[in-house]
Every structure is written in structure tokens, then in C-alpha cells.
Amino acid sequence: MDPGRHRHRRGRGGPRWRWPLVGLGAGGGIAVVALVVGIGQVAQPQACAAVLSAAQAAGTSGQTATHYVLQGLPNCSYPSPPADGLFAALPPGEYASAAACGGYLQVTGPDGSVRVKVVDQCPDCAAGHVDLSEAAFARLAPLSAGLINVSYAPVSDPPLPGPVSIEVKQGSSQYWLALLADNTGNPLASVQVKTSSGWLTLARASYNYWIAQSGSGPGPFTVRLTDTQGHQATVAGITLDPGAVQPTGTWMYGGGSEAEPATQAPASSPAAAASPAAPASTRPATQAMAAASRSASLAPGTAAASTPAAVRAPSRPASRPAPSARSSC
């Protein structure tokens, strides 16, 4: 298996599931093959069941949402969730190999609206289906609702939670460098490191680190961030200190003296169009939700132990971070 890929498995202590096989029966209805539970384990009821099949069979023309519990690192690799507990996981097409990481969505549901930070991927969610933290879902409906109809769209230039921070990934050296930026407000479009020959553009990995495959020397580094709205911020003095989150005092926009003005869309620009809705069906959502329980997870990990340091030869990439664990509500 490619060590750079996240592996998905059950959350800690949960029942082992095999996914239900959903298809059309002879009478046009949906047939669901029973879930298989590991020997000696007892399946416990969960509030949101069968995210994939329920989202596709809900019979709605809009977008949908469920809730989950984050265990370990999210796919975006942030070492801790937002302080307010309001975050979300997107389906693979909308996660877009980490292109959505760090951005915000405005989600509106039956009982209200909430702004959430994109920190994770929901590998089994259909297009138009967002998986919310319990705190975020509770702003829209009782947790017992499990699956609800919502509308959601990206937010341009949301209020920033603080200045930009930079983390140098475990295993980085003068020969291989990976950087993780946080508190950017909008998703990032590029990350560059200043070298003696100019700005070196780093490549974004699917787990949201920006990588210089051949390194950028021993540091300290000057890093330039550009977001999807055209804002730029340049931070200096980033040291080669793997695993440490380094605050910068620089705001991506609207707050830091080193932050450069936007060169593209202004702060008042409307949010991008929302993703397409999940396929409609005549099967009621409650029946689909009762069909199966879901536990879509990434391998457990912690910020401290996500990537062991290693001695690395020049031009060889460091090992990828341990994948996270996601547990459906």
C-alpha cells in the first residue's frame, strides 16, 4: 500500500462492519444485504446510519448532512480541531485532494445556520453530503435526527481565528521539507519558500502538507502563502523544528501588518456555487437510515505520534502522517 494514502477503518473500540450492498431489487426497490459484525462484538445503535445509502436514498432534491466524532488527526492533518468545535468533512470530490482544507462553509438546516471549518474528508459521503461535528449539527437539528436536509456553500474571507501558524512536518530535513499552514481563512492556492534563486513553489499532498521534494536547506525559511481569494502573507523565521507548531503573528488578511491586500476577489464576493445534490430516490430517508449503521474511520493517530522521526537520505521523501480515525455519530 502507498504509505502516502490514508487508510480507512473502524474507530477505536467500535464494531467491525462490512458495508451494506445496496442495489435495485426485482420490484424496483432497494435491497440491502445485512451488515456483518465481527465475532464477539455487538453492534450498538448509532444516531446516523448508512451515510452513503441514506444520502442517496433520502428522496431529497437538496443537500444533506449527518454528524460524526473525530478521533485522531483529520485528513487535513491539523493537530487540533477548531476551538469552537465547529468543523466538517466533505465528500472526496469536494475535498478535492485537500484543496478545500482550511476553508469555511455556511450550512443552513431545519433549526438554524452554522459556519464550519473544513478539516476532514468523508470517504463514503456522496456529492452534496456534508458530515458535521456534533457541535455543528446540534445548531441545525437534534443529534437524534441523524440525517437532515441542508444547504451549504463556501464562505469567502471569513473572520480569522488568529494569525497564521506553520508546522514543519516530522521527518523534514534540509533534504525534504513539508509545511502545514493553519488559520488561513480561505483555502490556500499556493505555498512558496524563498531560496537563493527565487521562490520555490511547493506541491500540496492529499493530507494538506506542502512539500519540497528536494528540501530547501537548513532554514530558517521565509514562506509566502497565497489563498484562493488572492490574499498573500509572507512570514519569515520558520525554523527546521519538525513537529512544532510555530505561531507567526502575521494575519492572512485584515489584521497583520505583513499581510498583503487581495489581488482577486474582494471580501464581499459571493460564495461559490454549492455542490450538486445527491441522487434522488423515492425511498424514505428513515427506511434507508434503519437499513445499516456506519463507521467510516481512518486509522487512529495522535498529533504527537502521527509520524515518527527518521534518518533520511537526501532527496528521499519523509514518511506520511498516520491517518486519522473518524467515527460516525
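Colleague: Let's start with Cys-76 and Cys-101. Are these two buried or exposed?

Modeller: Keep in mind that this is a predicted model. Buried means under 20% relative accessible area. Here Cys-76 is buried, and Cys-101 is buried too.

Colleague: What do Cys-76 and Cys-101 form?

Modeller: The general idea goes like this: a disulfide is a covalent bond between the sulfur atoms of two cysteines. In this structure, Cys-76 and Cys-101 form one, with their sulfur atoms 2.0 Å apart. The torsion about their S-S bond is about -85°, so this disulfide is left-handed. Now look at where the two partners sit. Cys-76 is in the loop between strand 3 and strand 4, while Cys-101 is in the loop between helix 2 (92-95) and strand 5 (104-109), so the bond ties together parts that are 25 residues apart in sequence.

Colleague: How many disulfides does the count come to?

Modeller: The count comes to 2 disulfides. Cys-122 and Cys-125 also form one, and their sulfur atoms are 2.1 Å apart. This time the torsion about the S-S bond is about 70°, so the disulfide of Cys-122 and Cys-125 is right-handed. Cys-122 is buried, with a relative accessible area of 0%, and Cys-125 counts as buried at 6%.

Colleague: Back to that loop between helix 2 and strand 5. Which residue there has a phi near 85°?

Modeller: That's Ala-98, and the value is positive even though the residue is not a glycine. Ala-98 sits in the loop between helix 2 and strand 5, and is buried with a relative accessible area of 0%. Ser-97 lies in that loop as well, and has a positive phi of about 55° without being a glycine.

Colleague: Now for rings. How many aromatic pairs does a search of the whole structure find?

Modeller: The search finds 2 aromatic pairs. To read one, check the distance between ring centres and the angle between the planes: over 60 degrees counts as edge-to-face, under 30 as stacked, and the rest as tilted. Tyr-68 and Phe-87 have ring centres 6.1 Å apart and planes at 85°, so they are edge-to-face. Tyr-68 is in strand 3 (residues 63-71) and Phe-87 in strand 4 (residues 87-90), so to speak a link between distant parts of the chain, 19 residues apart. Both Tyr-68 and Phe-87 are buried.

Colleague: And how do Tyr-207 and Tyr-209 sit, with 55° between the planes?

Modeller: Tyr-207 and Tyr-209 form a tilted pair, 5.9 Å from centre to centre. Tyr-207 counts as buried at 1% relative accessibility, and Tyr-209 counts as buried at 5%.

Colleague: Which residue lies over the face of Tyr-78?

Modeller: A ring can also have a charged side chain over its face. Lys-117 lies over Tyr-78, at 4.3 Å from the ring centre. Elsewhere, Arg-224 lies over the face of Trp-199, at 4.2 Å from the ring centre.

Colleague: Which side chain does Lys-117 meet in a salt bridge?

Modeller: For a salt bridge, look for a side-chain nitrogen of Lys or Arg within 4 Å of a carboxyl oxygen of Asp or Glu. Lys-117 meets Asp-182 that way, at 2.6 Å from N to O. The count comes to 1 salt bridge. Lys-117 lies in strand 6 (residues 112-121) and Asp-182 in strand 10 (residues 177-182), so the pair ties together parts that are 65 residues apart in sequence. Lys-117 counts as buried at 7% relative accessibility, and Asp-182 is buried at 14%.

Colleague: In what order do the 5 strands of the open sheet come?

Modeller: The order is 13-14-10-9-17, with antiparallel pairing. Strand 13 (203-204) and strand 17 (245-247) stand at the edges with a single partner strand each, so one side of each has no neighbour in the sheet. Inside that order, 3 bridges join strand 10 to strand 14 (residues 210-212). Leu-179 stands opposite Trp-210 in strand 14.

Colleague: Which side chains does the side chain of Asn-186 contact?

Modeller: Asn-186 makes side-chain polar contacts with Asp-157 (2.7 Å) and with Asp-227 (3.1 Å). Asn-186 is in the loop between strand 10 and strand 11 (188-195), and is buried with a relative accessible area of 1%.

Terms used. Residues are numbered from 1 along each chain as its sequence is written. This is a predicted model: local features need pLDDT of at least 70, side-chain atom pairs count only at pLDDT 80 or more; totals for chains, interfaces and linings use all residues. Side-chain values use heavy atoms; hydrogens and water are left out. Rings of Phe, Tyr and Trp (its six-membered ring) pair if their centres lie within 6.5 Å; planes under 30 degrees apart count as stacked, over 60 as edge-to-face and the rest as tilted. Helices (H or I, at least four residues) and strands (E, at least two) are DSSP runs, numbered from the N terminus. Buried means under 20% relative accessible area, exposed over 50%, partly exposed in between (1.4 Å probe, protein chains only). A charge sits over a ring if NZ of Lys or CZ of Arg is within 6 Å of the ring centre and within 35 degrees of the ring normal. A disulfide is a pair of cysteine sulfur atoms within 2.5 Å. Two strands pair if DSSP finds at least two bridges between them. A polar contact is a pair of N or O atoms within 3.5 Å; within protein, one must be able to donate a hydrogen and the other to accept it, and residues adjacent in sequence count only if both atoms are side-chain atoms.
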